[in-house]
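Please look through the structure below and follow the paragraphs that come after it.

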Amino acid sequence: QVQLVESGGGLVQAGGSLRLSCAASGRTFSSYTMGWFRQAPGKERDFVAAISWSGGGTRYADSVKGRFTISRDGTKNTMYLQMNSLKPEDTAVYYCNAVRIATMSPLWGSWGQGTQVTVSS
């Protein structure tokens with residue numbers, strides 16, 4: 001069973017940057033489209049960004065386009081999310097998962113603990 005570990009979150013002022021990491025064990029995710037999701041308090045978990053298995057294709061939620069960049073390192077079974085120009089509305093717990101391409105929804109049923117991102121105004 002795959003285990004996902006997210007890290008890199010923290011408290012940052014609006015306009016600041018953070019880089020999140022997602023490490024996988026128990027299953028290589030090199031052949032999967034992978035992505036980031038986030039869940040703000042009292043809201044559903046939403047899609048943020050996805051990257052193809054080759055790293056050649058990416059997709060972003062409209063709310064983060066131009067500010068966030070997703071990348072992956074297949075040799076390390078690790079994925080990243082560079083977040084720039086952060087806004088208070090980016091505050092959420094961020095999770096990684098494989099992505100069902102047709103719907104941009106999570107593919108695997110198991111989740112990591114997530115990493116908290118808090119952006120102060």
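**Charged pairs, a disulfide and a threonine**

Asp-62 has a relative accessibility of 66%, so this residue counts as exposed; the term means over 50% relative accessible area, while buried means under 20% and partly exposed lies in between, with a 1.4 Å probe and protein chains only. The model is predicted: local features need pLDDT of at least 70 and side-chain atom pairs count only at pLDDT 80 or more, whereas totals for chains, interfaces and linings use all residues. Residues are numbered from 1 along each chain as its sequence is written, and side-chain values use heavy atoms, leaving out hydrogens and water.

Side chains of opposite charge can pair when their charged atoms come close. The structure holds three salt bridges, a salt bridge being a side-chain nitrogen of Lys or Arg within 4 Å of a carboxyl oxygen of Asp or Glu. One of them joins Asp-62 to Lys-65, with the closest N and O atoms 3.1 Å apart.

Another salt bridge links the side chains of Arg-38 and Asp-90, at 2.9 Å from N to O. Arg-38 belongs to strand β4 (residues 34-39) and Asp-90 to the loop between β8 (78-83) and β9, so the pair ties together parts that are 52 residues apart in sequence. Strands here are DSSP runs (E, at least two residues), numbered from the N terminus. Arg-38 is buried, with a relative accessible area of 13%, and Asp-90 counts as buried at 0% relative accessibility.

Which residue forms a salt bridge with Asp-90 at 2.7 Å between the closest N and O atoms? The partner is Arg-67. Arg-67 lies in the loop between β6 (58-60) and β7 (68-73), and Asp-90 in the loop between β8 and β9, so this pair ties together parts that are 23 residues apart in sequence. Through shared partners, salt bridges join Arg-38, Arg-67 and Asp-90 into one network. Arg-67 counts as buried, at 9% relative accessibility.

Next comes the disulfide, a pair of cysteine sulfur atoms within 2.5 Å. A search of the whole structure finds one: Cys-22 and Cys-96, with sulfur atoms 2.0 Å apart. Cys-22 is in strand β3 (residues 18-25) and Cys-96 in strand β9 (residues 92-100), so the pair ties together parts that are 74 residues apart in sequence. Both cysteines, Cys-22 and Cys-96, are buried.

Thr-115 is buried, with a relative accessible area of 8%. A polar atom of the Thr-115 side chain lies 2.9 Å from the backbone nitrogen of Gly-9.

How values were computed
Helix = DSSP H or I, 4+ residues; strand = E, 2+ residues; numbered from the N terminus. Polar contact = N/O pair within 3.5 Å; in protein donor to acceptor, adjacent residues only side chain to side chain.
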